[in-house]
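Visitor: I would like to go through this model with you, taking one question at a time. Could we begin by looking at it together?

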Amino acid sequence: MNVRCVSSADAISHDTPLLVLPVHESEEEACKAELLAPAGLSEVLSGALPVEDLKHKLGESALVYPNEGGGPRRVLLLGAGKRSGFDLEAARRFAGHAVRAAESVEVLGLTTYLGSGVSADAAQAATEGAVLAAWRFTEMKNPDEGDAPIDVSDFELMVDPEDLDAGESGVRAGDVVGRAANFARTLQSRPGNVATPSHLADEASRMADEHGLDVTVMGPEELEGERMHALLAVAQGSDEEPRLIVLCHNGGADDDAPLVLVGKGLTFDAGGISIKPAGGMEEMIFDMSGGAAVIGAMQAVAELNIPLNVVGIVPSSENLLNGRAMKPGDIIGSREGKTIQVVNTDAEGRLILADALSYAQGLDPAAIVDCATLTGSVVIALGHHAAAVFSTDEDLVDELRKAGDRSGERCWPLPLWDDYRRQIDSSVADLVNVGGRPGGSITAACFLKEFVGECRWAHLDIAGTAYGEGKLSYQRKGAAGFPTRLLVDWVRSRAR
Ligand code: BES
Ligand code: MN
Ligand code: ZN
């Protein structure tokens, strides 16, 4: 989608197929005046605007056809809720609804206006909403004639002349972040027979070359050399080779400690010998969502040229079952040297992350943030509206929660107390890979904690948020890109 920021100074003659204006909850006449004044649209619109048709609930709307002239050909008066509640997420959803409206009237472009005094953050959020809403995963469908949906391709954010600087920088950031999340969604959406570990590595490498990131990809031999026995143990049950993908953005000074993002890149999780039930197993193509978000976030970090050193790490494997697959009861090693009794081969995410986190530790990072579709248990705890965040560092939790609130990809803390850690004691190895059903997300996080040493670290369990029904205006059923926006926001916040 092409995005740009335009001035409202000539709104009346601005040629656009669809102008979308917000209707906030207020007195009808005041509302109408407010709506028409800044954009100077009263001449073309006021006669055609029955106030009783103005709806203020987000998503409700009225379509108006202005008098003939060179200006907007359609004007959509789109509910925007209470002005006081019009936060960044409301701007994102508003723009998502605006794009859906363009789809339904079958126009390729639209212009939205959010009122005067628009901040860069609001311009960014609205642009994200539009770019996210326009995304679709079509690459594996034959184009069918007839009811092919239209792809909205142009989005303009109209701002008052004095808001142009903020508007332009926000629109640019929103474009970068929106495309990064959409890249993650495309990788997420590719099925297991396409998005294999080597495919993820190829896509990460191609992206890195395009955006000037350093990239290293390790295959079985290099992983052996790194003693990544836990990642290799998961991969040995499949014919597809594992990969460890490392992306580096060198935006800081040579000796600046990097921020490290780690994402679970499990390209299909059948459960291994502890095989999953057949129903819904196809969803496990999304078990590489953390990895996709890290690759997407690294693209945005490069495009925004963030003045920090940032490293993205994606351990990638399948979790299948063949005659060489690891078995319940097996005791495996790890890069960290700790031995692990595998009682359930379906708890494989923590195994591949263990080695990746151990590697991250070796980079002497300022902080490590990992994200993983790690446990079904987190869906029970928090549902689909927030990820769980785990960390021993309260400041880091605070930073991530704020980044989540701003980006609309929220997270909420759960504890890492030693009482839970005892559930992963093993009588025959250093650790067992499953701590039982009670507190399943917490014991999984406790397991990861064993592999980060003394580093500042946080873990996001995104099993409930990485993909879904697509209920929000800017989402669709399937891949959500979560937490690409959160990660980019957090990295940017560290640069401020
Ligand atoms: N990839 C799954 C977790 C998952 C569940 C992701 C639902 C998305 C939606 C993970 O590898 C897994 O299988 N976890 C097990 C752990 C259990 C065996 C301790 C789970 O949560 O059931
Ligand atoms: Mn699993
Ligand atoms: Zn998994």
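The questions and answers below concern a predicted model, beginning with the metal ions.

Visitor: Which protein residues coordinate the zinc ion (ligand 3), and what is the geometry of its site?

Guide: The residues that coordinate the zinc ion (ligand 3) are K264 through NZ, D269 and D287 through OD, and E348 through OE, at 2.0 to 2.4 Å. Ideal angles at a metal with six octahedral donors are 90 or 180 degrees. Around the zinc ion (ligand 3) the six donor atoms make angles of 77 to 175°, and the site is classed as octahedral.

Visitor: How are the donor residues of the zinc ion (ligand 3) spaced in sequence, and how many residues apart are the parts that D287 and E348 tie together?

Guide: The spacing of the donor residues of the zinc ion (ligand 3) reads K-x4-D-x17-D-x60-E. D287 belongs to the loop between strand 10 (265-269) and helix 9 (289-303), while E348 belongs to the loop between strand 13 (340-341) and helix 10 (349-361), so this pair ties together parts of the chain that are 61 residues apart in sequence.

Visitor: Are D287 and E348 buried or exposed, and what is the relative accessible area of E348?

Guide: Both D287 and E348 are buried, a class that requires a relative accessible area under 20%. For E348 the relative accessible area is 0%.

Visitor: How far apart are the two metal ions, and which residue coordinates both?

Guide: The manganese ion (ligand 2) and the zinc ion (ligand 3) are separated by 3.2 Å, and the residue that coordinates both is D269.

Visitor: Which residues are closest to ligand 1, and how much of its accessible area does the protein cover?

Guide: Ligand 1 is surrounded by 16 residues, of which K276, D287, D346, E348 and G376 are the closest. Oxygen atoms of ligand 1 also take part in polar contacts: one lies 3.3 Å from a side-chain N or O atom of K264, one lies 2.9 Å from a polar side-chain atom of D269, and one lies 2.8 Å from a polar side-chain atom of D346. Of the 520 Å² of accessible area that ligand 1 has on its own, the protein covers 79%.

Visitor: How many of the residues of strand 5 are buried, and which strands pair with it in the parallel sense?

Guide: Strand 5 (residues 109-113) is mostly covered, with five of its five residues buried. In a regular strand the side chains alternate between the two faces of the sheet. In strand 5, G109, T111 and Y113 are on one side and L110 and T112 on the other, and both faces are covered. Two bridges join strand 5 in parallel to strand 2 (residues 19-24), where L19 has T111 as its bridge partner, and five bridges join it in parallel to strand 6 (residues 154-159).

Visitor: In the open sheet of three strands, what is the strand order, and which strands stand at the edges?

Guide: The three strands of this open sheet have the order 12-13-17, with mixed pairing. Each edge strand has a single partner strand, so one side of each is left without a neighbour in the sheet, and these are strand 12 (331-332) and strand 17 (431-432).

Visitor: Where is R227 found, and what is its phi?

Guide: R227 is found in the loop between helix 7 (220-225) and helix 8 (229-235), and at 44% relative accessibility it counts as partly exposed. Although R227 is not a glycine, its phi is positive, at about 60°.

Visitor: Which two residues are joined by a cis peptide bond?

Guide: P483 is placed in the loop between strand 20 (478-479) and helix 15 (484-495). With omega at about 0°, the cis peptide bond joins F482 and P483.

Methods:
Residues are numbered from 1 along each chain as its sequence is written. Chains are lettered from A and ligands numbered from 1 in the order in which they are written. This is a predicted model: local features need pLDDT of at least 70, side-chain atom pairs count only at pLDDT 80 or more; totals for chains, interfaces and linings use all residues. Side-chain values use heavy atoms; hydrogens and water are left out. Donors are N, O and S atoms within 2.8 Å of the metal (3.2 Å for Na, K and Ca); water is not among the atoms, so sites may look incomplete. Four donors count as tetrahedral if all angles lie between 85 and 135 degrees; four count as square planar and six as octahedral if opposite donors are over 155 degrees apart and all others between 65 and 115; anything else is irregular. Helices (H or I, at least four residues) and strands (E, at least two) are DSSP runs, numbered from the N terminus. Buried means under 20% relative accessible area, exposed over 50%, partly exposed in between (1.4 Å probe, protein chains only). A residue is near a molecule or strand if one of its heavy atoms lies within 4 Å of it. A polar contact is a pair of N or O atoms within 3.5 Å; within protein, one must be able to donate a hydrogen and the other to accept it, and residues adjacent in sequence count only if both atoms are side-chain atoms. Accessible areas come from the Shrake-Rupley method with a 1.4 Å probe; for residues, only the protein chains shown count as cover. Two strands pair if DSSP finds at least two bridges between them.
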